[in-house]
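Subject: Structure handover

Dear colleague,

Please find the structure below. My notes on one helix pair and on the sheet follow it.

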Amino acid sequence: MEKTLVIVKPDGVQRNLIGEIISRFERSGLKLVALKMMTADEKMVEKHYTLDPKWLENVGNKSIDSYKKKGLTPPTEDPVALGKEVLARLKKYVSVGPVIPMIWEGSQAVAMVRKICGGTEPLSAPAGTIRGDYTSESYQFADADERAIRNLVHASGSVEEAANEIDLWFDKKEIMDYRVIRDIIINDKDWKIA
Ligand code: GDP
Ligand code: MG
């Protein structure tokens, strides 16, 4: 069983998509084990995105690749410089209003949640994903306006990232440990009807 962190970002809250987003994870068979509403200040947002020292470089590289794949010129060829710019924009975006952090648990929860959310850029995220269905935001539009891509949700990118992020956003006592009958149907090799 894995645990993963999801955050409904301020645009998801403002657009009345909290219930819609939660229901997509509920229907997937994952189990909700923690949830709260709060505002995160810029310091908290910076901490969140710099838990992984490689994140700045990775985010820059991902963005540069996306420009090149579309035959466009990236704003810079320096991934760390681009990462720093993205971080500055994220600090403003994610701290602008209330957010809903939550923890979802289940078999391969990290990959499952990423699939349900879709890729970072809503414009290229497939229909049927949260990011693909509810906004047409793109790298080019966000970068031209010098703001972070408004993509409604955060989802941990790996099991290690999830563990660090969960530690940052939740106290141990806020995380529920409980059984649901559907766990047997989804995961038990000896499941019997009668
Ligand atoms: P995620 O794991 O899919 O959320 O993506 P990352 O961890 O790579 O980036 C974190 C967040 O930064 C994304 O969800 C976007 O909100 C924003 N972001 C990432 N890359 C860019 C970029 O190149 N330009 C802009 N404007 N925002 C970006
Ligand atoms: Mg990420």
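A crossing of two helices is called right-handed if the near helix is turned clockwise from the far one by less than a right angle, and left-handed if anticlockwise. In this predicted model, helix α3 passes α5 in a right-handed crossing.

The helices concerned are α3 (residues 42–49) and α5 (residues 79–94), whose axes come within 8 Å and cross at roughly 130°. That angle makes α3 oblique to α5, because angles over 145 degrees would be needed for roughly antiparallel. On the α3 side, the contact consists of Glu-42, Val-45, Glu-46 and Tyr-49. These meet Leu-87, Leu-90, Lys-91, Lys-92 and Val-94 in α5. By class, the residues of this contact are five nonpolar and four charged, with no polar ones.

Now the sheet. The model has an open sheet of four strands in the order β2-β3-β1-β4, with antiparallel pairing. At its edges lie β2 (31–35) and β4 (153–155), each of which pairs on one side only. From one strand to the next, the twist averages 25°.

Strand β1 (residues 2–8) runs antiparallel to β4, and three bridges join the two. Where does Val-6 find its bridge partner in β4? The partner is Ala-155.

Helix α2 (residues 18–27) packs on this sheet and touches β1, β2, β3 (100–106) and β4. The direction of α2 makes about 10° with that of β3.

Regards

Methods
Residues numbered from 1 in each chain as written. Chains lettered and ligands numbered in written order. Predicted model: local features only at pLDDT ≥ 70, side-chain atom pairs only at ≥ 80, totals over all residues. Heavy atoms only, no water. Axes fitted to C-alpha atoms, helices over the stretch in contact; angles between N-to-C directions. Parallel < 35°, antiparallel > 145°, perpendicular 65-115°, else oblique. Contact = heavy atoms within 4.5 Å. Nonpolar A, V, L, I, M, F, W, Y, C, P; charged D, E, K, R; others polar. Pairing = 2+ DSSP bridges.
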